[in-house]
Amino acid sequence: MSDKYTAAIVGPGNIGTDLLMKLLKNSRNIEPVYMIGVDPTSDGLARAEKLGVEASPGGVDWLLSRDRLPDIVFEATSAGAHRANAPRYREAGIRAIDLTPAAVGPHLCPSVNMDTLRTVDNVNMITCGGQATTPIVAAVSRVVPVEYAEIVASISSKSAGPGTRASIDEFMATTSAALEKVGGAKRAKSILILNPVEPPMLMRNTVYCALPPEAAEPGPLQDRIRESVQQMVADVQKYVPGYHLTAEPQFDTARSDWRGWGRVTVLIEVRGAADYLPEYAGNLDIITAAAVATADTYVDLLRRNDATTAPVSAAR
């Protein structure tokens with residue numbers, strides 16, 4: 001028997017299918033055994049079956065009726081669905097990694113706060129925009145206070161499936177909250193743009209952080225901010241190779257519309273690994289790659305813990 005932990009993916013859409021491909025290709029600790037949906041004609045379910053993963057359109061009811069429950073469930077549906085499903089997973093003793101903006105559990109960004117995994121059984125992967133921009137805000141805030149952060153995430157409309165479109169309000173709220181709770185900004189705002197341009201664009205993110213007056217002019221603080229951002233980009237690239245700056249951080253001097261504070265602007269682009277959709281779908285790539293990195297670390301931690309923290313599913 002494999003010593004990998006078993007997993008179910010709930011939601012066979014763009015995100016769930018890309019996640020399945022990454023788990024099969026890249027995960028050192030996770031074996032996907034179930035793919036769950038509600039549409040019998042789903043391409044994701046058909047693809048899972050061809051890859052040897054048991055697939056069903058029977059939804060969560062079907063999953064929880066299995067004799068062999070998974071150790072971990074990846075939720076790739078919608079925010080509303082995860083809010084309904086999370087208590088059921090917990091009651092069944094299944095740990096959850098949530099790829100919706102539901103934020104039932106704490107926000108997690110692998111390059112920033114992976115230690116969150118030590119104390120919870122449900123973690124939230126924020127959003128694609130949150131995974132792309134929270135690390136940058138965190139990189140700035142570990143050098144100087146960030147009174148205000150604002151991000152704009154632009155993605156190809158072709159890469160946004162029904163689950164993403166159904167959760168846009170939650171996307172903005174959850175991303176903004178993560179910029180504050182994980183990124184360290186005192187206040188934050190997020191904007192999502194679904195761009196129908198042809199050919200489809202790569203995911204692009206613009207991050208603005210207000211800087212205190214002492215960092216608004218060239219000098220050692222700006223140098224430290226620049227170095228911190230570059231180090232954070234390198235950390236994210238360990239699990240998302242297509243994540244990169246499109247220009248060096250741009251510093252503006254104090255402006256009246258920023259209430260006397262200066263500003264740094266960071267421009268990020270994400271090229272997807274094309275595991276399911278083409279490389280323009282970097283928004284899928286960054287959240288699914290972050291989920292795989294999180295799950296692998298989750299299992300490492302569980303294996304180091306004593307038997308009282310081991311999975312309680314029928315599979316163990």
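Biologist: What does the UniProt annotation "active site" cover?

Modeller: Such positions follow the numbering used here, feature names are shortened, and annotations may be inferred rather than shown by experiment. In the unreviewed UniProt entry, "active site" covers C128. Residues are numbered from 1 along each chain as its sequence is written. In this predicted model, local features need pLDDT of at least 70, side-chain atom pairs count only at pLDDT 80 or more, and totals for chains, interfaces and linings use all residues, while side-chain values use heavy atoms, without hydrogens and water.

Biologist: Is C128 buried or exposed?

Modeller: Buried means under 20% relative accessible area, exposed over 50%, and partly exposed in between (1.4 Å probe, protein chains only). C128 counts as buried because its relative accessibility is 9%.

Biologist: Which residues is C128 in contact with, leaving aside neighbours within four places in sequence?

Modeller: Contact means heavy atoms within 4.5 Å. On that basis C128 touches F171, M203, N283, I286 and I287.

Biologist: Which residues line the second largest pocket?

Modeller: On a 1 Å grid over the protein atoms alone, a pocket is an open set of points where a 1.4 Å probe fits, with protein on both sides within 12 Å along at least five of seven lines; lining residues have an atom within 4 Å of a point. Here the lining residues include K22, K25, Y239, D285 and D296.

Biologist: Which helix gives the most to that lining?

Modeller: Helices are DSSP runs (H or I, at least four residues), numbered from the N terminus. Helix 10 gives the most, with 5 residues.

Technical notes: Helices (H or I, at least four residues) and strands (E, at least two) are DSSP runs, numbered from the N terminus.
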